[in-house]
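Student: I am new to this structure and would like to go through it step by step. Could we begin once it is in view?

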Amino acid sequence: MNKKSFLGIDVGSVTTKIAIISENGEFIDSVMLRTAGKPVIAVQKGLKLLTEKLTCEYDVLGVGTTGSGRQLAGTLLGADVVKNEITAHAVAASINVPGVHTILEIGGQDSKIIIMRDSIVTDFAMNTVCAAGTGSFLDQQASRLNVPIHEFGPTALKSTAPARIAGRCGVFAESDLIHKQQLGYPIEDLLYGLCQALVRNYLSNLALGKEILPTVVFQGGVASNSGMVKAFEEALDMKVIVPENHQTMGAIGAALLAMENYQFTGAQTSFKGWEVQDFSFKSFTHECHDCANSCEVISIVQGEPECEDPKTPKDVKGDIIARWGGTCGKWDLANTTQEQMAHK
Ligand code: SF4
């Protein structure tokens with residue numbers, strides 16, 4: 001007999017994460033892969049990778065999605081719950097680290113802080129604008145300094161006299177790093193100096209005015225960097241906990257939310273099945289010329305489109321399962337039936 005489970009999918013701009021948990025909420029497994037600008041393919045590939053890793057077959061009782069591509073993933077898979085990243089990360093942290101009061105989260109292209117009291121989110125802030133302090137920025141600097149990203153943390157920890165790097169913004173941080181490199185600072189002092197600069201930037205922007213209380217949890221890809229963990233611990237003067245599955249906490253949270261939804265409603269899942277990974281999807285990108293904004297509109301059709309070479313979003317015909325990109329919402333599929341769309 002197949003075991004019962006819940007699935008969580010976190011589609012971010014840099015990576016896509018998929019987690020599976022048992023019917024009781026215990027972590028079973030997860031996968032992470034690059035989104036590479038193709039979220040549909042990333043979700044399908046991720047499901048394939050996950051099924052290859054699983055040692056037995058699972059029936060899915062519920063699916064949750066989160067991340068910037070949560071609506072798209074939700075439509076593709078037939079998700080039961082679609083939630084923002086703040087909720088997903090908060091749920092995962094509060095289940096995995098009881099008593100958590102502060103969540104630091106730094107991903108590939110954004111960072112956030114979540115303040116919790118009694119397992120409830122009381123405040124949060126997100127940074128999706130400044131590159132400094134994100135995983136992509138650290139990746140770029142590591143590659144510029146010829147340090148493989150997995151050696152970044154261990155090398156930074158060897159620092160005895162960290163360089164003082166200006167971390168107010170990515171451009172300043174990079175030019176200051178180059179300047180200090182030319183002055184002959186050892187690599188470990190440059191790397192740890194960069195960690196300290198990014199932590200200063202994070203605390204003086206995102207955490208400004210927020211009361212950071214222990215227990216503090218650090219999630220997201222950048223939590224793998226032991227230099228960043230130490231820099232946070234020094235700056236906050238408190239222990240920072242990095243959960244084992246810190247990279248896939250958003251997906252685990254989405255799965256836990258699907259479980260809660262199932263326990264609360266008992267509703268049958270809308271999941272389209274594991275075979276979604278083999279469905280054929282076609283995407284179309286068009287400029288809408290109905291006003292001067294000229295928005296780029298993306299349409300996703302499941303199966304074969306009933307049209308050849310459509311020239312505008314209106315020409316796309318077939319089983320359109322998702323469409324987004326118009327500033328005015330004219331082409332959005334959310335809350336809009338296919339019939340209503342035909343009259344747009
Ligand atoms: S989608 Fe809306 S805002 Fe964008 S070009 Fe078309 S009509 Fe204008």
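Student: What does Phe232 touch, not counting residues up to four places away in sequence?

Tutor: Please keep in mind that this is a predicted model. Leaving out residues up to four places away in sequence, Phe232 touches Leu104, Ile106, Val199, Tyr202, Leu203, Phe218, Asp237 and Val240.

Student: And which other core lies apart from the one Phe232 is in?

Tutor: Another core, of 27 residues, lies apart from it, with Leu7, Val43, Leu47 and Leu72 among its members.

Student: Back to the largest nonpolar core, then. Which of its residues touch the most other members?

Tutor: That core has 39 residues, and those touching the most other members are Ile113, Phe218, Met228 and Phe232. Two or more residues come from each of β6, β7 (111-117), α4, α5, α6 (170-182), α7, β9 and α8. The element giving the most is α7, with 10 residues.

Student: Which residues of α8 are buried?

Tutor: Helix α8 covers residues 226-236, and its buried residues are Gly227, Met228, Val229, Ala231, Phe232 and Leu236. They pack against β6 (102-106), α4 (135-144), α5 (149-156), α7 (187-205), β9 (216-219) and β10 (240-241).

Student: What caps the N-terminal end of α8, and what comes just after the helix?

Tutor: The cap is Asn225, with a side-chain oxygen 2.9 Å from the backbone nitrogen of Gly227. Just after α8, Asp237 has a positive phi of about 55°.

Student: Changing topic: where is Ile212, and why does it count as buried?

Tutor: Ile212 is in the loop between α7 and β9. It counts as buried because its relative accessibility is 16%, and the cut-off for buried is under 20%. Not counting residues up to four places away in sequence, Ile212 touches Thr102, Ile113, Leu203, Ala207, Leu236 and Met238.

Student: How many residues apart are Ile212 and Pro310 in sequence?

Tutor: They are 98 residues apart in sequence, and in space their C-alpha atoms are 53 Å apart.

Student: Now for Lys17. Is it buried or exposed?

Tutor: Lys17, in strand β2 (residues 15-22), counts as buried because its relative accessibility is 10%. Its side chain makes a polar contact of 2.9 Å with the side chain of Thr15. Beyond four places in sequence, its contacts include Gly8, Asp10, Met32 and Gln247.

Student: Last topic: which residues are around the ligand?

Tutor: They are Cys288, Asp290, Cys291, Asn293, Ser294, Cys295, Gly326, Thr327, Cys328 and Trp331. This shell divides into 5 nonpolar, 4 polar and 1 charged.

How values were computed: Residues are numbered from 1 along each chain as its sequence is written. This is a predicted model: local features need pLDDT of at least 70, side-chain atom pairs count only at pLDDT 80 or more; totals for chains, interfaces and linings use all residues. Side-chain values use heavy atoms; hydrogens and water are left out. Helices (H or I, at least four residues) and strands (E, at least two) are DSSP runs, numbered from the N terminus. Buried means under 20% relative accessible area, exposed over 50%, partly exposed in between (1.4 Å probe, protein chains only). A polar contact is a pair of N or O atoms within 3.5 Å; within protein, one must be able to donate a hydrogen and the other to accept it, and residues adjacent in sequence count only if both atoms are side-chain atoms. Contact means heavy atoms within 4.5 Å. A nonpolar core is a set of buried Ala, Val, Leu, Ile, Met, Phe, Trp, Tyr and Cys residues joined through side-chain atoms within 4.5 Å. A residue is near a molecule or strand if one of its heavy atoms lies within 4 Å of it. Ala, Val, Leu, Ile, Met, Phe, Trp, Tyr, Cys and Pro count as nonpolar, Asp, Glu, Lys and Arg as charged, and the others, Gly among them, as polar.
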